[in-house]
Amino acid sequence: MHRNQRSEAALAGAVTAALLVAGCSPGETDSGEGIVLTCTVCADSPTDVFAQYNHELTMRFNEEYEGQYRIEILPPVGSQDEAGEAYRRLALAGNLPDLFSADVNLVTQLESSAQFMDFQPFLDAEPEFANSFYNGTLEKGSTGTLVIPEQRSIAGVFYNTAVLEAAGISDPPTTWEGLLAAGEAIKSAGLTPLAVDGAWITVLWLSHLIGTQDGGAEYLNGLLAEREDAAGDFASNSLWVEAVEFLRDLHVDGFVNEDAFHGEFLQANALYVAGEAASIVNGPWQADLIEDPSVLETTVNVPAPGDGIIVFTGAVGWVSTADTPEKQEAVWAFIKFAYSAEEQERRSVTVNTFPAIELEFSEEARAQLPAMNVALADAAADATHTYPSLSHVLPPQFLDAWRNFWPAYVQGDINTDELLDRLSEAVVS
Amino acid sequence: MQIASLEKAPKGSRLAIGTSLAPGLLLFVVFFLIAIGTLAVTAFTNWTIRGADFVGFDNFVQIFEDGRFQMAMRNTTVFVLAAVSVQVPLATLVALILARKIRGWRAIRVTLFLPNMMSGAAIGLVYIFVFNPRFGLVNGLLRVVGLDEWTRDWLVDINTAIWAVIATWVFFVGLFVILILNEIQGIPTEIQEAAQIDGAGRWQRDLWITLPLIRPVVATCMLLAVLAAFSQFENVYVMTAGGPADQTLTLGLYGFMAYSRGDWGLANAAGLLMLIMGAAFILIIRRIGRLESSDR
């Protein structure tokens, strides 16, 4: 081998060795910066306001506790759809981060292969803080792992009053019959009564249809409380039958957009924000998705027909796998920091949602929150029916089965029993 | 220095050859053989996040009794038939035409190949918009020509979903055109000239001379097309996720769904079945295309 080639080979070998050593180095060292926690939901994100808030929260925490605690930001594990799978793989590898977000369904799946930090002793030691959470928002996995909820969101129905007025309707409908009458008028005006997507929005409508029936709210709240028994025979449950048939008829009778099954929320949202659809169902952050000031000005957020309001009690929350007393103290310090009144107000204003703890907003915060959302939150206390969303109380397989069979049902290729049987099977599997 | 075989190679060369092959062999063992072995073993277990116990053939019984698997088999068969009856014959026809060096044949060849450089998922995303019933290209064109009654939600209509999905890949013939065209251009011109002298027309020469001579490459393309159709996943997942009502569910998606719900043993059993069926396809097509004769 030529002398130059030997030198190049030696250099390449040295570089490779250096890279290998660097790659094998421990990723987390306490070099005078206190206890280090890893977090996979703390990276900055220009497109996701929730993620961006978590990032800024992390930066503020690190600054506040400099030298004592530090959160090391790990790359995100993927989109919301991918995260569950990613965390399952990490759990198998014993590599879950110290801090991340998960819903109770995912925590239940991970509990068999991961050891979660038990927040209960910390809550028991601070009863005032523990009692500040809204009743029912502190959810547990099947073996008792507590999830500290990130928010409490409230969903009614957003109506564009300008579209309603164009159809000769002065007020949003307050009954389901009123919705049908309003829908006919809106159709006659050449506009779309309901903007739906066959997935998120449609399932929220389904939740409203079930929750506002007699016994519906109790049924949905029961599913929330007894999550493991959420599987049931939907076909023999009149709440489900009435709801899916009404929802199907809304589609068949032309009350929804042409691309009602595409599962793309943004497509349905585009119709609403363009002023071509009269209504859309979403959480309070919908207000941030309406960029046109004229549409924002004419949008109201009111209870669903039948005076029903979805309350996202819990949904995604903080969990931890911290396994040493020092790390657990650091995690608890982070939780207390994140749930201070100042941070909860900041979060609510930033991501346009509501805190999981009972909090009296300052005048300044109330002024920054869209008035329509504050009004709906205030109305939630007096609503006839409040209930969770089906997306929250049923496992992810429900939504997959819904997207698979809902279009065929609406198009008459399968009947109500078959649809509900398929959904029941998916929930059980 | 030509080396006829490893056994006949000089000792020093044998070491060099072995050392050169070692990394590739190692990668093959680690990323293929071990993976296949794991697949085969775990296919007979009820492997979930909670652990794995040997269950014999229970997974396979469950799969064969599952109506969704039967639907996936049906749909995958339709995909394979589309590849065999449309994609490869179309590629052959296009290659025969391009072999005549028509004006712009090089540009056409490049253009046909462009979709092969895109990921299936990206293509699927594009076609979601092409087939959108409200603003999609297909319905838009139908409206322009006055065929409003033909407009529909192509990817969601139970009667059209599978055909709409097939249409997104069956006409992507670029790779096969290049392979077949290459083979056509390799045919000695004397054979064509001799036939021309004897009075054979262009299409007669294509039918009786060119096609028989390119049979091996057409069979190879058939093999590639069938295996690609058989393992269709990403663009179907993106466009329809197997719906509506499992009308576009493929074997790959079926296995993926089992994996997603944590039933890894069942997913690997489905994967093992796909592996066996794929191997069977390879043997059948090689036999029909008489590709063994090319091996000698």
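Helix axes are taken here as lines fitted to C-alpha atoms over the stretch in contact, with angles running from 0 to 180 degrees between N-to-C directions; helices are DSSP runs (H or I, at least four residues) numbered from the N terminus. The model is predicted, local features needing pLDDT of at least 70 and side-chain atom pairs pLDDT 80 or more. Residues are numbered from 1 along each chain as its sequence is written, and side-chain values use heavy atoms.

In chain B, helix 3 (residues 67-98) packs against helix 8 (residues 174-185) at an angle of about 45 degrees, with the axes 8 Å apart. The two helices of chain B are therefore oblique to each other, a class that excludes angles under 35 degrees, over 145 and from 65 to 115. Residues in contact (heavy atoms within 4.5 Å) include B:Ala91 and B:Leu98 of helix 3 and B:Phe176 and B:Ile184 of helix 8.

A nonpolar core is a set of buried Ala, Val, Leu, Ile, Met, Phe, Trp, Tyr and Cys residues joined through side-chain atoms within 4.5 Å, where buried means under 20% relative accessible area, exposed over 50% and partly exposed in between (1.4 Å probe, protein chains only). The largest core has 77 residues, of which A:Trp205, A:Leu206, A:Trp240, A:Leu390 and A:Phe398 touch the most other members. Its largest share, eight residues, comes from helix 20 (residues 396-410) of chain A. Beyond four places in sequence, A:Phe398 contacts A:Val203, A:Leu206, A:Trp240, A:Leu390, A:Leu423 and A:Val427.

B:Phe233 lies in the loop between helix 11 (215-230) and helix 12 (234-239) of chain B and, at 26% relative accessibility, counts as partly exposed.

Key. Chains lettered and ligands numbered in written order.
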